[in-house]
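Please look through the structure shown here with the briefing that follows beside it.

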Amino acid sequence: MPPKPKLVPKLVQKTSKRNENSSTKSASTTALGASNNVFQAQNVLEELKAEWKAEVKELKAELKAEMLNMQAEITNLQNEISCKDKQLIAVNKELLEVKKSVQYMSDKLDESSILSRETHQDVSKTHNLIKWVKEKTEDLEDRSRRDNLVFFNVPEQIDNGGNEDCEKLIHDELVSRGFKEEMPDEDIFFERVHRLGPRKNNAKHPRPIIAKLTYHKQKQQLLQNGRLLKDSVMNMSEDYCRETLLLHKDLREYAKEAKNNYHDSAKSIVWYNVVYKKVLLTYTLDKKNKEAKTFTRGFNIHDIKRNPTHWYKPT
């Protein structure tokens, strides 16, 4: 037998109906609110979509403007690069020309250097040749004067109009000094005798007299007996060219300096003389003994210049 249905009180039934009605109203209200929210969301989305479209459109316009600017700048850069390329090509051409010019100048400089070196060698050879010719000329001139003697301080006769007999003046002075007795020949023979230089009325010293002897041996004998002119105002010397005379002057200065500066415990320079392009120094082995042995050394200008401070010290 089926179970009997339970009896529900009326109050419970009324309450249930009230709850059902309330639920229905709440559902309706919820559905209406949801519908409004969707509508509002759609409106918001539409507004956002419109804003986005405007912003995208604005961005597109800006991008387009930027692209145009970039294209213009790229075009300018390309033009500048093209211009620079042209300038670079021109510079390269100029550099190439400069390089060719430099190479040409370098070749010319090498040729000039070679020519200069050859010229220097030629000049050196020419200099040596000139030096040799000069020395030979001086030697020949000195040889041509080898029979000459120069007499100094011979009184000059001015009142006779310059027609003095120079040969007689020299001859008489030599004879009076005893030269003739010291010479084996019968007389002293001259080829030419005359004064040197132009005549000067107000001259303080008489002009030298140059005499060419006939015999060279007589010249040597006169020089060897030069001591006879010790007390005479007249003196004589050999005749050389100007360069040799200047060299002899320097050699005398060197010899004088050496004599004054040479100090040794025993030795000393007691005498010096200048002969043809050479200075002769005579040393004594005992400077306290006048009768001590002596020895002589000869020095030329090259010896002096090789050792300018101690050239005179005997080895």
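The buried residues of H4 are covered by elements that include E1, helix H2 (166-176), H3, E3 and E4, where covering rests on contact, meaning heavy atoms within 4.5 Å. Helices (H or I, at least four residues) and strands (E, at least two) are DSSP runs, numbered from the N terminus. The model is a predicted one, in which local features need pLDDT of at least 70 and side-chain atom pairs count only at pLDDT 80 or more, while totals for chains, interfaces and linings use all residues. Residues are numbered from 1 along each chain as its sequence is written, and side-chain values use heavy atoms, with hydrogens and water left out.

- The residues of H4 that are buried are Gln 218, Lys 219, Gln 221 and Leu 222, where buried means under 20% relative accessible area, exposed means over 50% and partly exposed lies in between (1.4 Å probe, protein chains only).
- On the face of H4 that is turned away from the buried side stand the exposed residues Lys 217 and Gln 224.

**Strand E1 and its partners**

- Strand E1 (residues 148-152) is mostly covered, since 4 of its 5 residues are buried.
- E1 and E3 run antiparallel and are joined by 4 bridges; two strands are said to pair if DSSP finds at least two bridges between them.
- Within this pairing, Val 150 stands opposite Ile 210 in E3.
- E1 is also joined by 4 bridges to strand E4 (residues 235-238), again in the antiparallel sense, and the bridge partner of Phe 152 in E4 is Asn 235.

**The sheet E5-E6-E7**

- An open sheet is formed by 3 strands in the order E5-E6-E7, with antiparallel pairing.
- Strand E5 (268-275) and strand E7 (294-299) stand at the edges with a single partner strand each, so one side of each has no neighbour in the sheet.
- From one strand to the next, the twist averages 20°.
- E5 and E6 pair in the antiparallel sense over 7 bridges, and the bridge partner of Val 275 in E6 is Lys 278.
- Helix H5 (residues 242-261) packs on the sheet, where H5 touches E5 and E6 and has a direction that makes about 175° with that of E5; axes are lines fitted to C-alpha atoms, for helices over the stretch in contact, and angles run from 0 to 180 degrees between N-to-C directions.

- Thr 282 has its place in strand E6 (residues 278-284) and is buried, because its relative accessible area is 9%.
- Not counting residues up to four places away in sequence, Thr 282 touches Ser 268, Ile 269, Val 270, Trp 271, Thr 294, Phe 295 and Thr 296.
- Trp 271 lies in strand E5 and is partly exposed, because its relative accessible area is 45%.
- Leaving aside neighbours within four places in sequence, Trp 271 is in contact with Lys 259, Leu 280, Leu 281 and Thr 282.
- Trp 271 and Leu 281 are 10 residues apart along the chain, and their C-alpha atoms are separated by 6.1 Å.

**Aromatic rings**

- The count of aromatic pairs comes to 7, where rings of Phe, Tyr and Trp (its six-membered ring) pair if their centres lie within 6.5 Å, and planes under 30 degrees apart count as stacked, over 60 as edge-to-face and the rest as tilted.
- The rings of Phe 189 and Tyr 215 make an edge-to-face pair, because their planes stand at 85°, with the centres 6.0 Å apart.
- This pair links distant parts of the chain, 26 residues apart, with Phe 189 in the loop between helix H3 (179-182) and strand E2 (190-195), and Tyr 215 in the loop between strand E3 (209-213) and helix H4 (216-224).
- Phe 189 is partly exposed at a relative accessible area of 37%, and Tyr 215 is partly exposed at 45%.
- Tyr 262, Tyr 283, Phe 295, Phe 299, Trp 311 and Tyr 312 form one aromatic cluster.

**Cysteines**

- A search of the whole structure finds 0 disulfides, a disulfide being a pair of cysteine sulfur atoms within 2.5 Å.
- Cys 83 counts as partly exposed at 39% relative accessibility, whereas Cys 241 counts as buried at 0%.
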